Amino acid sequence: MLKQTIAVVLAVSMGVFAFSYSIEAGIGYVGALVLELCKEIARPKEDSEH
């Protein structure tokens with residue numbers, strides 16, 4: 001019974017860890033896309049000012 005409980009706790013904690021990691025990776029990916037988009041938007045403005 002104790003082994004089953006440990007296995008369940010391990011499985012749940014690994015699942016939560018993988019889920020939170022994927023969320024962080026997703027946010028980082030979206031953040032990088034937004035950053036690239038901002039660079040693309042800012043570039044023409046800089047060119048037009050000169």
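How many aromatic pairs does the count come to? I applied the ring rule, under which rings of Phe, Tyr and Trp (its six-membered ring) pair if their centres lie within 6.5 Å. The count comes to one aromatic pair. The ring centres of phenylalanine 17 and tyrosine 21 are 6.5 Å apart and their planes stand at 20 degrees, so I recorded the pair as stacked (planes under 30 degrees apart are stacked, over 60 edge-to-face, and the rest tilted).

Basis of the entries. I note that this is a predicted model, in which local features need pLDDT of at least 70 and side-chain atom pairs count only at pLDDT 80 or more, while totals for chains, interfaces and linings use all residues. Residues are numbered from 1 along each chain as its sequence is written, and side-chain values use heavy atoms, with hydrogens and water left out.

Fold. Phenylalanine 17 and tyrosine 21 both lie in helix H1, four residues apart, about one turn of the helix.

Exposure. I took buried as under 20% relative accessible area, exposed as over 50% and partly exposed as in between, with a 1.4 Å probe and protein chains only. Buried residues make up 0% of the 50 residues in the chain. Both phenylalanine 17 and tyrosine 21 are exposed.

Salt bridge. I searched the whole structure and found one salt bridge (a side-chain nitrogen of Lys or Arg within 4 Å of a carboxyl oxygen of Asp or Glu). Glutamate 36 forms it with lysine 39, and their closest N and O atoms are 3.7 Å apart. The two residues are three apart in helix H1 (residues 2-49), and therefore about one helical turn separates them. Glutamate 36 is partly exposed at 42% relative accessibility, and lysine 39 is partly exposed with a relative accessible area of 42%.

Tyrosine 29. I located tyrosine 29 in helix H1. Its relative accessibility is 57%, so I counted tyrosine 29 as exposed.
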